[in-house]
Amino acid sequence: MKYTALERNWVMYDVGNSALVLLNTSVVPIYFDAINTAANSAELVTAWANAQTIASLVVALLMPVLGSLADFAGNKIKFFLGFFLTGLVLCFAQALPMAAMPFLVIYVLCTIGLNSSMTFYDAMLPDVTTDERMDAVSSSGYAWGYVGSCVPFIVCIALIMGGPAVLGLDMLLCTRLSFVITGVWWLLFTIPLVRTYRQRYAKELAPGETFASEVKRTITGLFATMRRIAGDRALLIFMIAFFFYIDGVHTVISMATTYGTALGIDSTQLILALLVTQFVAFPSAIIYGRLAKTQGTLKMIIIAVAAYVAIVLFAAFFLKSAVEFWILAILVGMFQGGIQALSRSYFGKLIPKERANEYYGFFDIFGRYASVMGTLLVSVVTSLTGDPSLGVLSIGILLVVGFVMLMRLVRIKGVA
């Protein structure tokens with residue numbers, strides 16, 4: 001598939017931000033464990049789950065109002081830039097030496113900036129391509145994000161593992177330098193999108209409207225949007241299904257390394273296995289985008305949800321050693337990008353384009369509150385039982401509910 005310049009630049013942002021996402025899900029939990037030496041395995045999982053919960057909750061609360069404001073002409077890029085630059089500065093700030101709790105606070109704020117920028121980025125999709133090309137472009141974003149993020153990640157891992165012996169640097173210093181490398185990569189792959197993006201679909205300001213009246217109109221419009229969503233049965237069922245199944249996806253991604261650490265798996269094995277995930281995810285996301293064109297987008301989402309149920313069961317009952325973690329990483333890579341990309345594009349086809357950011361704000365509410373529920377569920381179950389495996393198993397309940405709701409949607413929309 002040949003991309004337009006704008007489609008290509010949009011995809012490049014996935015390449016940039018995915019480097020930080022990969023670092024956050026692999027190196028950062030291990031680094032946090034290293035500077036938080038007083039915690040046991042259950043406390044480590046609980047602290048990390050709570051951090052993810054807080055970050056997701058803040059984004060979920062912000063996005064509906066800000067997303068609706070961003071739908072006015074010229075606003076989307078402004079909000080995108082604001083959160084991107086916030087996340088970028090705090091990414092660099094994590095390179096400063098500090099204790100565990102200050103680091104966790106900065107990590108949470110950086111994650112808020114990163115995830116918020118991605119909400120506005122997702123809402124740019126209807127502006128940069130057509131409905132017919134949306135599945136393929138969205139899948140390409142995730143695919144190239146996976147493989148592109150491996151470049152700075154490999155450099156960071158080489159520095160962390162080889163720095164002490166080759167350069168005589170402390171391993172913690174090498175880890176902190178990885179935040180600088182990742183931040184520079186994120187910046188470089190964001191510039192093309194910022195320079196070329198133009199908002200095609202937008203709500204227009206009424207004559208004489210001020211910012212205050214715009215905010216008031218926005219809040220009023222949110223309730224109207226909620227009524228429109230509630231009145232669209234297919235859209236409502238999909239959003240409920242998404243709320244549950246994406247919870248499993250996000251929680252597995254965000255908790256995998258911490259869970260592996262709690263099981264006593266060597267950090268090198270964890271990082272290398274997650275690197276394999278990226279390479280497996282690249283062709284898998286591309287294949288998913290192509291299969292959606294012939295088999296139906298909804299059908300491919302359902303297949304991925306069923307696969308994630310199996311992945312959670314495997315993690316809870318069979319994951320004990322590095323070998324099983326490698327198997328888990330490969331399985332996640334096969335379905336991770338596909339389900340995220342097709343969920344993003346399927347939603348984009350269901351909504352009015354001129355209100356894309358407003359609707360994607362609600363989309364983000366469902367996705368982020370699901371993340372809150374998932375990580376909180378893992379945290380509570382692990383704290384009560386002292387067994388991280390039971391915490392992971394609890395995710396399966398949410399995936400099953402999402403699967404059931406998708407099957408209801410099939411009866412309404414078919415599998416297209």
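## A serine between helices

At 0% relative accessibility, S117 counts as buried, because the cut-off for that label is under 20%. The model here is a predicted one. S117 sits in helix α4, and leaving aside residues up to four places away in sequence, S117 touches Y13, F80, F83, F84 and W186.

Let's look at how α4 meets α1. Helix α1 and helix α4 pack at an angle of about 160°, and their axes are 11 Å apart. That makes α1 roughly antiparallel to α4, since angles over 145 degrees get that name. The crossing of the two, α1 and α4, is left-handed.

Who makes the contact? From α1 come residues including W10, Y13, N17, L20 and F32, while α4 brings, among them, F103, Y107, L114, S117 and Y121. Sorted by class, the contact of α1 with α4 has 17 nonpolar, four polar and one charged residues.

Here are some of the helices with their residue ranges:

| Helix | Residues |
|---|---|
| α1 | 5–35 |
| α4 | 100–123 |
| α7 | 171–188 |

Now for α7, the helix that holds W186, one of its buried residues.

Conventions: Residues are numbered from 1 along each chain as its sequence is written. This is a predicted model: local features need pLDDT of at least 70, side-chain atom pairs count only at pLDDT 80 or more; totals for chains, interfaces and linings use all residues. Side-chain values use heavy atoms; hydrogens and water are left out. Axes are lines fitted to C-alpha atoms, for helices over the stretch in contact, and angles run from 0 to 180 degrees between N-to-C directions. Helices (H or I, at least four residues) and strands (E, at least two) are DSSP runs, numbered from the N terminus. Angles under 35 degrees count as roughly parallel, over 145 as roughly antiparallel, 65 to 115 as roughly perpendicular and the rest as oblique. A crossing is left-handed if the near helix is turned anticlockwise from the far one by less than a right angle, and right-handed if clockwise. Contact means heavy atoms within 4.5 Å. Ala, Val, Leu, Ile, Met, Phe, Trp, Tyr, Cys and Pro count as nonpolar, Asp, Glu, Lys and Arg as charged, and the others, Gly among them, as polar. Buried means under 20% relative accessible area, exposed over 50%, partly exposed in between (1.4 Å probe, protein chains only). The expected span of a helix is 1.5 Å times one less than its number of residues.
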